[in-house]
Amino acid sequence: MSDYNDAAIVGVLPWLKFIWKGHITNWIWRPREDRRFVRLNHYGAMKIKHLEKYVPFVKTLYAEDTISKEYDPEKEKIYMLWFQDVNNAPEIVKRCIQSVKAKYGDKVIVLNEKSMYDYMQLPDYIIDKWKNKKIVPANFSDIVRIALLAENGGYWFDATDFLVSDIPSYIQESDFFMFITSPRIYQHMFVQSCFIRAKKGDPLMKMWKELVFEYWRREQRSADYFLVHMLFKVLVTHNEEAKKLFEKMPKVFQDGIHELWYTYGNMPYSEIEFKKMCDAEFFQKCSYRYLKGGVNELIPGTIARKLIMNE
């Protein structure tokens, strides 16, 4: 998890403190999962502390509400992205995109590395750092989704989100929504960005964008894989207006969207369990890389095979 690159980013002393708390004094007689979560929590705290150098900038941000009084949900779009174009995507990605299109048709806009610039603008310094590989694909995808929704509003689905039912009305009616992390799943992320809902002109979305842009204006590399999630936490912790807006957002843990794929994906198919999980949340987060246990193919007779291939 932590290596010398982290020491170079956050500083040697904070990194050594993490090694002490997250590893050396993370007693070996604790259950393995408990040790892992202790380590994750200290790791996240180290990164958040580092990012708090942006607190002075965060406090200058103003929550200007420009949501139209004539807001029309019928005009909202759903954005998805596959940099290399969906025609070149793995089968799982194609199936996930098809699942969203099956329910929302022309509202779904699937972007690639070229077409994404038709829907949002990025500062030259971010584009240059992306082209020069100073920003890795995961971090750049996070930047794109934030810029898209800050400019246009609507919804973001990851290309590995498999939709099983309509977007709930409580989300559609919210000005801003993301799932939040639970104490037992990636707590240091704070929020989950695989699905985002923001009305056009939402002030919290715009403030988040400004903070992310400011980070990349100053920095030459990402502080963490979950950088934008951590910056969001800094924003809603240290900006009073952002905090109030975040408090209005419905709080729903992300656990339910990960159940089917990551916990049960390579288990034998059970109609009862499959329906229970599909009823729990309106989409399931998948992966084109792996299932639980390192399995990277859809084995016949498993829950993942049923989800993606319907067989």
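1. K133 sits in the loop that links helix 6 (124–131) to helix 7 (137–152), where helices (H or I, at least four residues) and strands (E, at least two) are DSSP runs numbered from the N terminus. Its phi is near 65°, a positive value in a residue other than glycine. Most residues other than glycine have a negative phi. With a relative accessibility of 71%, K133 counts as exposed; the cut-offs are under 20% relative accessible area for buried, over 50% for exposed and partly exposed in between, with a 1.4 Å probe and protein chains only.

2. On the basis of these values, the model is a predicted one, in which local features need pLDDT of at least 70 and side-chain atom pairs count only at pLDDT 80 or more, while totals for chains, interfaces and linings use all residues. Residues are numbered from 1 along each chain as its sequence is written, and side-chain values use heavy atoms, with hydrogens and water left out.

3. D85 also has a positive phi in a residue other than glycine, in this case near 85°. D85 belongs to the loop between strand 1 and helix 5, and with a relative accessible area of 24% it is partly exposed.

4. The open sheet has five strands in the order 2-1-3-6-5, with mixed pairing, two strands being paired if DSSP finds at least two bridges between them. Strand 2 (108–111) and strand 5 (176–180) each have a single partner strand and stand at the edges, so one side of each has no neighbour in the sheet. From one strand to the next, the twist averages 25°.

5. Within that sheet, strand 1 pairs with strand 2 in the parallel sense over four bridges, and I78 is found opposite V108 in strand 2. In a regular strand the side chains alternate between the two faces of the sheet. In strand 1 (residues 78–81), I78 and M80 point one way, Y79 and L81 point the other way, and all are buried.

6. Strand 6 (residues 191–198) is joined to strand 3 (residues 154–157) by four bridges, the two running antiparallel, with G154 opposite A198 in strand 6. Strand 6 also pairs with strand 5 in the antiparallel sense, over five bridges, and here I180 stands opposite V191. Although strand 5 is an edge strand, five of its five residues are buried, so the rest of the structure largely encloses it.

7. How do the buried residues of helix 13 lie around its axis, and what do they pack against? In helix 13 (residues 271–280) the buried residues are F274, M277 and C278. They cover an arc of only 100° around the axis (taken from the directions from the helix axis to the C-beta atoms), which puts them on the same side of helix 13. I272, K275, D279 and A280 are exposed on the other side. The buried residues pack against helix 12 (255–263), strand 7 (283–285) and helix 14 (303–309), contact here meaning heavy atoms within 4.5 Å.

8. Helix 12 has G256, I257, H258, L260 and W261 as its buried residues, and their packing partners are helix 5 (91–104), strand 5, strand 6, helix 13, strand 7 and helix 14. G256 counts as buried at 18% relative accessibility. Apart from neighbours within four places in sequence, G256 is in contact with E281 and Q284; from C-alpha to C-alpha, G256 and C278 are 9.1 Å apart in space and 22 residues apart in sequence.

9. Helix 10 (residues 227–238) and helix 11 (residues 240–248) pack at about 105°, their axes 5 Å apart; axes are lines fitted to C-alpha atoms, for helices over the stretch in contact, and angles run from 0 to 180 degrees between N-to-C directions. The two helices are therefore roughly perpendicular, on a scale where under 35 degrees is roughly parallel, over 145 roughly antiparallel, 65 to 115 roughly perpendicular and the rest oblique. F232, L235, V236, T237 and H238 in helix 10 meet E240, A242, K243 and F246 in helix 11. By class, this contact of helix 10 with helix 11 has five nonpolar, two polar and two charged residues, where Ala, Val, Leu, Ile, Met, Phe, Trp, Tyr, Cys and Pro count as nonpolar, Asp, Glu, Lys and Arg as charged, and the others, Gly among them, as polar.

10. R217, in helix 9 (residues 203–218), is partly exposed with a relative accessible area of 48%. Not counting residues up to four places away in sequence, R217 touches Y125 and K129.
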